[in-house]
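Subject: Structure handover

Hello,

Please find the structure below. My notes on it follow.

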Amino acid sequence: MPTTLGQNQYGKAENRVVKITRDGSTHHIKDLNVSVSLSGDLDDVHLSGSNAHVLPTDTMKNTVYAFAKEHGIESPEQFGIVLARHFVTTCEPIDRARVRIEEYAWERIATSGDGGEGGGEEGGHSFVRRGQETRVSQITFDGERVEVVSGLKDLTVLNSTDSEFWGFAKDKYTTLKEAYDRILATDVSARWRYGWSGVEEPGGSIGAPDWNESYEQTRRHVLAAFAETYSLSLQQTLHQMGTRVLDHRDEIDEIRFSLPNKHHFLVDLAPFGLKNDTPDGAVYLAADRPYGLIEATVLRDGADARISPDLTTL
């Protein structure tokens, strides 16, 4: 039966890179998980087994580590752009490179320099892994334009009030009661796409964003919108989060969220002679599954939707 070779790519996935920069007795740490994927003139290796156009994935791994030393790691975006451009411009059969990076954050451990226990100055070389979100980025280079999609995952947030859910559609299988004061909790997964492409624009070249500042400020606006929105639905909150980011960050054209609704149910304490939901508080069961999953993209006017609807592919 005749067949046709479709889209294909190959690469080296999940290269764990820890870069320590020493500034005297003060050290700085960058902890990345880097995956490289290349595509181009690769038909022969699939059809005949010829490896003439195949750059070994072991070489990709070595390049990642060498570039961490040669070029440093200012941000996942900067590092990914340098890598993607290198593979396309130095390996002739390759016309497209995609680099995906996760960054794991660390913070300094306070020392007892003032005579206290752990309450003194920040240590110069001791760190504790920060247990909040993971920063992510995807950089794609096609030989002409760079596309940068940044984001985060596993940022757990919760509002203990200022959330309602009522007036919803009902049928014979509906048992959910309307809620006029509920807990709203989710694990935020978000990706945002920058308008910057690395190509000189009419009137002069536009410089790349400050990737680290942009990440921190975007994260801040996501959290502020979550906290400040009186929510009638998680969908409404999602839209407010995206809108606030686009209103405050001109360098971003598109943002997409995937938000699981982490349900909290009042525990029935009546069998123990206790009234649960009282003015001084309540006890809830935090259910991990099943959960509602709310997903949507918010776009700047005139921008195209280019972030994949399935964030697990980014």
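**Notes on the model**

Pro290 sits in the loop between β11 (284–286) and β12 (292–299). Helices (H or I, at least four residues) and strands (E, at least two) are DSSP runs, numbered from the N terminus. The model is predicted, with local features needing pLDDT of at least 70 and side-chain atom pairs counting only at pLDDT 80 or more, while totals for chains, interfaces and linings use all residues. Residues are numbered from 1 along each chain as its sequence is written, and side-chain values use heavy atoms, with hydrogens and water left out.

**Backbone**

Most residues other than glycine have a negative phi, and most peptide bonds are trans. The bond from Arg289 to Pro290 is cis, with omega near -5 degrees.

Glu14 is not a glycine, yet has a positive phi of about 55 degrees. Glu14 belongs to strand β1 (residues 10–23). Its relative accessibility is 57%, so Glu14 counts as exposed. For accessibility, buried means under 20% relative accessible area, exposed over 50%, and partly exposed in between (1.4 Å probe, protein chains only).

Asp162, also not a glycine, has a positive phi of about 60 degrees. Asp162 is found in the loop between β7 (146–159) and β8 (184–194). With 38% relative accessibility, Asp162 counts as partly exposed.

**Helix α3**

How many residues does helix α3 have, and how far does it reach? Helix α3 (residues 76–90) has 15 residues and reaches 21 Å from its first C-alpha to its last, close to the 21 Å expected at 1.5 Å a residue. The expected span is 1.5 Å times one less than the number of residues in the helix.

The buried residues in α3 are Pro76, Glu77, Gln78, Phe79, Gly80, Ile81, Leu83, Ala84, Phe87 and Val88. What covers the buried residues of α3 includes β2 (26–40), α2 (57–70), β3 (94–103), β6 (134–141), β7 and α4 (211–228). Contact here means heavy atoms within 4.5 Å.

**Strand β3**

Is β3 largely enclosed or open? In β3, 7 of the 10 residues are buried, so the strand is largely enclosed by the rest of the structure.

Two strands pair if DSSP finds at least two bridges between them. β2 and β3 run antiparallel and are joined by 9 bridges; Ser37 has Arg98 in β3 as its bridge partner. β3 also pairs with β6 in the antiparallel sense, over 7 bridges. Here Arg100 stands opposite Gln138 in β6.

Regards
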